[in-house]
Amino acid sequence: AAGKSSLVPERFSALTVDADSVICETVKAAEEGDGTVLRMYEFKNKRTPAKIIVGIPAKHVYLCDMTENIISEIPMTDGAFDYTFKGFEIATFMLKN
């Protein structure tokens with residue numbers, strides 16, 4: 001109704017990816033700690049640079065192995081980060097504040 005405020009945004013996306021061959025398969029709470037895990041994969045068997053825009057609060061993003069052990073930090077700017085997927089690569093990222 002007009003003039004009615006809501007705490008729920010009209011539109012929300014947990015993340016957006018600009019590459020048509022990359023899918024986010026999982027968004028979940030980390031097994032340990034307070035992070036959010038993204039599991040993404042490339043499905044056309046081609047090297048694919050992607051910009052990932054995160055809609056959930058996060059100040060840091062880390063590349064992890066499949067068991068959520070941190071491998072390295074990835075630079076994040078204005079809620080977005082870049083990652084280049086190898087063909088058929090499954091990548092796990094950890095978002096933290």
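Here is a walk through the strands of this structure and then through its salt bridges. Keep in mind that you are looking at a predicted model.

Let's start with the sheet. Strands of a sheet pair through backbone hydrogen bonds, and they can do that in a parallel or an antiparallel way. Here, 5 strands make an open sheet, in the order E2-E3-E8-E5-E6, and the pairing is antiparallel. What happens at the edges? E2 and strand E6 (70-74) stand there with a single partner strand each, so one side of each has no neighbour in the sheet. If you follow the sheet across, the twist averages 30 degrees from one strand to the next.

Now zoom in on one pair of strands. E2 and E3 run antiparallel to each other and are joined over 7 bridges. One spot to look for is alanine 29, whose bridge partner in E3 is threonine 36.

Next, the charged side chains. When their charged atoms come close, side chains of opposite charge can pair. How many salt bridges does a search of the whole structure find? It turns up 4.

Take lysine 44 and aspartate 20, whose side chains meet in a salt bridge with N and O 3.6 Å apart. This one links distant parts of the chain: lysine 44 sits in the loop between strand E3 (36-42) and strand E4 (48-54), while aspartate 20 sits in the loop between strand E1 (15-17) and strand E2 (22-29), 24 residues apart. Are the two partners buried or exposed? Lysine 44 is partly exposed, because its relative accessible area is 41%, and aspartate 20 is exposed, because its value is 56%. The cut-off for exposed is over 50%.

Another salt bridge brings lysine 51 together with aspartate 82, with 3.4 Å between the closest N and O atoms. Again the pair links distant parts of the chain: lysine 51 belongs to strand E4 and aspartate 82 to strand E7 (residues 80-85), 31 residues apart. Lysine 51 counts as partly exposed at 34% relative accessibility, and aspartate 82 counts as partly exposed too, at 49%.

Glutamate 31 is exposed, with 63% relative accessibility, whereas lysine 28 is partly exposed at 23%. Buried would mean under 20%, so lysine 28 doesn't count as buried.

How values were computed. Residues are numbered from 1 along each chain as its sequence is written. This is a predicted model: local features need pLDDT of at least 70, side-chain atom pairs count only at pLDDT 80 or more; totals for chains, interfaces and linings use all residues. Side-chain values use heavy atoms; hydrogens and water are left out. Helices (H or I, at least four residues) and strands (E, at least two) are DSSP runs, numbered from the N terminus. Buried means under 20% relative accessible area, exposed over 50%, partly exposed in between (1.4 Å probe, protein chains only). Two strands pair if DSSP finds at least two bridges between them. Axes are lines fitted to C-alpha atoms, for helices over the stretch in contact, and angles run from 0 to 180 degrees between N-to-C directions.
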